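Here are my notes on the model you sent over. Have it open while you read, and go through the points in order.

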Amino acid sequence: MERGKIGLTDTKHANVNTRPVDSSDFISENGHLQGQKGSTRGDVLDMFRMGKKQELQRSYGFLSIVGFIMILQSSWESTLLAAYYGLTNGGTGGVIWVTVGVILGALCMIASIGEMASMAPTAGGQYHWVSEFAPKSVEKPLSYIVGWLALLGWVTGCPSAAQLTSTLVQGLILLKDENANVGQLWQTTLCIMVFLIVAVAFNLFLAKRLPLAEGIFHVVHMVGYFAFLIILWTMSDHAPASQVFGTFNDGGG
């Protein structure tokens, strides 16, 4: 393959986003594809196709990134916590059928995002896709807004996760000792600060261990799911299927 300059030639805004890079960034002296440490052949081919130089090292594999996503979304844990509101404002039938509709809608969204990710698999994510696929007249302001919204989502997500974890810890303490004095605001704030400091310190000093940690938490996450499922399934009272799937109520007014 001839060495030279390559650029982004397969998207509609090649003249805007192209930053010519030397093909020696992708091809070694013996003619083989090369990339950053830990990168896959697919990574190298994608960067070559888009005309971009890979700046970040791949540290997550398939299982670790799946674990990261499942833990980030708190899939079954958040469902348990949010079930109260659904049962109050819809009943068992409302929760089940609305969940089916939400899953179908989420699958459509995921398919759309997956298609964009396959075309432009960069770390920028949403704001980069907006800059690529939005009309040229509004691509810059829209990608700027989306980028800031994504950043604010991550920033606000950290303390909210710490706050939720703090309430769970306080709940476990009360489960052990009903008379424990753990309901004051300063105690919750202190727990939040502790969890935030631990999370920031881990990301700063043990970032290379994050994939391993995500894999371990993924296993614990799945074991916990089946532990809850089996216990609730076998020890709770059972109702007829017609009642479970056909009961609707509006308890929220």
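**Notes on the predicted model**

1. Phe226 comes out at 43% relative accessibility, so it counts as partly exposed. Keep in mind throughout that this is a predicted model.

2. Now its partner. Tyr225 is also in the partly exposed class, at 32% relative accessibility. The ring centres of Tyr225 and Phe226 are 5.2 Å apart with the planes at 70°, which makes the pair edge-to-face because anything over 60 degrees gets that label.

3. How many aromatic pairs are there by the ring-centre rule? The count is five. One of them is Trp76 with Phe228, a tilted pair at 5.0 Å centre to centre and 45° between the planes. Trp76 sits in helix α4 (residues 75-89) and Phe228 in helix α9 (residues 210-235), so this pair links parts of the chain 152 residues apart in sequence.

4. Is Trp76 buried or exposed? Trp76 is buried: its relative accessible area is 14%, and the cut-off is under 20%. Phe228, across from it in the pair, is partly exposed at 43%.

5. Next, have a look at the surface. Trp97, Val100, Ile103, Leu104, Leu107, Met109, Ile110, Ile113, Phe245 and Phe248 form a nonpolar patch there, with about 990 Å² of accessible area together. Helix α5 (residues 91-119) supplies the largest share, eight residues. Leu104 is found in that helix, and with a relative accessible area of 51% it counts as exposed, since the cut-off is over 50%.

6. Helix α6 (residues 126-133) is worth a click too. Its buried residues include His128, Trp129, Ser131 and Glu132. They span an arc of only 160° around the axis, so they lie on the same side of α6. As background, an α-helix has 3.6 residues a turn, so residues three or four places apart point the same way.

7. Finally, the overall picture. The chain has 10 helices and two strands, running β-α-β-α-α-α-α-α-α-α-α-α from the N terminus. Of its 253 residues, 18% count as buried. The accessible surface is about 17900 Å², and 69% of that belongs to carbon and sulfur atoms. Among contacts between residues at least 6 apart in sequence, 59% join residues at least 24 apart.

Definitions and conventions. Residues are numbered from 1 along each chain as its sequence is written. This is a predicted model: local features need pLDDT of at least 70, side-chain atom pairs count only at pLDDT 80 or more; totals for chains, interfaces and linings use all residues. Side-chain values use heavy atoms; hydrogens and water are left out. Patches are made of residues with over 30% relative accessible area and no salt bridge: like charges are joined within 9 Å, nonpolar side chains (Val, Leu, Ile, Met, Phe, Trp, Tyr) within 5 Å. Accessible areas come from the Shrake-Rupley method with a 1.4 Å probe; for residues, only the protein chains shown count as cover. A salt bridge is a side-chain nitrogen of Lys or Arg within 4 Å of a carboxyl oxygen of Asp or Glu. Helices (H or I, at least four residues) and strands (E, at least two) are DSSP runs, numbered from the N terminus. Buried means under 20% relative accessible area, exposed over 50%, partly exposed in between (1.4 Å probe, protein chains only). The arc is that of the directions from the helix axis to the C-beta atoms. Rings of Phe, Tyr and Trp (its six-membered ring) pair if their centres lie within 6.5 Å; planes under 30 degrees apart count as stacked, over 60 as edge-to-face and the rest as tilted. Contact means heavy atoms within 4.5 Å.
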